[in-house]
Amino acid sequence: MLETSARLLRLLSLLQSPREWPGTELAERLGVSGRTVRNDIERLRTLGYPVDATRGSAGGYRLAAGSAMPPLLLEDDEAVAVTIAVRNVAGSAMAGMEETSLQALAKLEQVLPPRLRRRVRALQQYTVPVPADRPAPAVDTDLLMTLTAACRDHERLRLDYRDHAGASTRRLVEPQRVVNWGRRWYLVAWDIDRDDWRTFRVDRITPRTPSGPRFAPREDPDGNAAAYVAGKASAAAWRHRARVTVHAPASAVLDRINPAVGSVEAVDAETCVLDTGADSLDTLAVHLGMLGFDFTVTEPAELVEHLRELAARYARSTAGSSPAASSR
């Protein structure tokens with residue numbers, strides 16, 4: 001009986017992977033005959049596990065979704081990964097998830113073997129997150145579910161949106177992706193009235209019901225929704241902007257920056273234009289200096305003057321030294 005129970009647990013563990021298992025492969029993994037596999041499948045079904053079977057050369061067995069969630073059988077590394085993930089969710093900006101996550105975490109830790117519980121507790125006790133520079137607004141979990149469902153089903157959304165000043169506008173959009181950046185969430189959507197892509201902070205969205213008709217899905221803006229959000233969100237916070245001619249191929253410059261720093265347009269094979277910005281002239285100058293390429297700045301005037309001051313300061317800092325002296 002013990003051997004049969006252990007075999008059923010092993011079979012259940014195999015079936016929980018997202019694939020179909022041919023009966024012959026299951027028999028080989030378990031070291032039993034095909035008839036025993038079929039009998040064990042029937043035992044699992046009797047216990048309430050919905051196991052689907054398909055015939056043919058490409059057929060096999062797989063665990064289907066049922067009316068209730070069955071017990072999960074996790075490998076050691078999987079159990080540790082799930083526990084850490086649940087702990088991280090508890091500290092996220094998703095409203096209402098802290099208590100639920102801690103309840104789930106308590107259940108997980110209770111059933112972890114001692115060797116794994118010790119590893120997980122060590123990670124919890126000796127890893128410390130750096131607090132965010134400013135508190136992030138909480139995002140309603142039901143709202144996230146509504147937005148992601150509309151993205152999945154390609155349904156237009158009617159929503160009210162508050163800008164940074166608190167003014168509200170009515171929008172009709174075709175939702176594309178929900179992007180998580182740190183502790184903030186953004187909806188990337190095609191704005192019907194503005195005939196262009198827009199990025200909306202989820203905590204400023206109030207959806208209106210009912211939802212609109214279905215629409216034909218589009219490609220992500222710029223081919224990458226996350227990169228699009230990074231660029232838009234950063235640009236919105238810039239106090240200073242600049243278009244800089246960089247004397248290097250566009251591909252080489254793109255290798256040195258991420259989308260949050262700016263966008264690059266090729267001029268020719270050896271020159272490109274970088275559209276960038278920052279919240280201060282010092283930060284902007286640092287970004288440009290770290291490119292590792294020669295560049296030309298013609299505007300804005302305050303950035304040109306700031307770079308001249310920095311160049312003079314750097315020149316003065318080395319005026320009293322020589323290459324021979326610095327090498328000694």
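Analyst: Two strands count as paired if DSSP finds at least two bridges between them. The model discussed here is predicted.

User: How many bridges join strand β11 to β12?
Analyst: β11 covers residues 262-268 and runs antiparallel to β12. A hairpin joins these strands through two residues, and A266 has C272 as its bridge partner in β12. The number of bridges between β11 and β12 is six.

User: Which residue in β12 stands opposite V244?
Analyst: Strand β10, residues 240-246, is also antiparallel to β12, with seven bridges between them. Within β12, V244 stands opposite L274.

User: Are the faces of β12 covered or open, and how many of its residues are buried?
Analyst: On one side T271, V273, D275 and G277 are buried, and on the other C272, L274, T276 and A278 are buried, so both faces are covered. β12 spans residues 271-278, and the number buried is eight of eight.

User: Which residues have the most contacts inside the largest nonpolar core?
Analyst: That core has 22 residues. The elements that give two or more residues to it are β10, α9, β12, α10 and α11. Beyond four places in sequence, L303 touches A242, L281, L284, L288 and V297. The residues with the most contacts inside the core are V246 and L303.

User: Is H306 buried or exposed?
Analyst: H306 lies in helix α11, residues 301-317. Leaving aside neighbours within four places in sequence, H306 is in contact with L281, D282 and A285. The cut-off for burial is under 20% relative accessible area. At 14%, H306 therefore counts as buried.

User: What is the geometry of the pair formed by Y161 and F200?
Analyst: The structure holds two aromatic pairs. In this one the ring centres of Y161 and F200 are 5.0 Å apart, with the planes at 80°. The pair links strand β5, which holds Y161, to strand β8, which holds F200, across 39 residues. Planes over 60 degrees apart count as edge-to-face, so the pair of Y161 and F200 is edge-to-face.

User: How far from the ring centre of W190 is the charged end of R218?
Analyst: W190 is buried, with a relative accessible area of 13%. The ring of W190 also pairs edge-to-face with that of W197, the centres being 5.4 Å apart and the planes at 90°. The charged end of R218 sits over the W190 ring, and its distance from the centre is 4.0 Å.

Notes
Residues numbered from 1 in each chain as written. Predicted model: local features only at pLDDT ≥ 70, side-chain atom pairs only at ≥ 80, totals over all residues. Heavy atoms only, no water. Buried < 20%, exposed > 50% of the residue type's maximum accessible area, 1.4 Å probe, protein only. Helix = DSSP H or I, 4+ residues; strand = E, 2+ residues; numbered from the N terminus. Contact = heavy atoms within 4.5 Å. Core = buried A, V, L, I, M, F, W, Y, C linked by side-chain atoms within 4.5 Å. Phe/Tyr/Trp six-rings, centres within 6.5 Å; stacked < 30°, edge-to-face > 60°. Lys NZ or Arg CZ within 6 Å of the ring centre and 35° of its normal.
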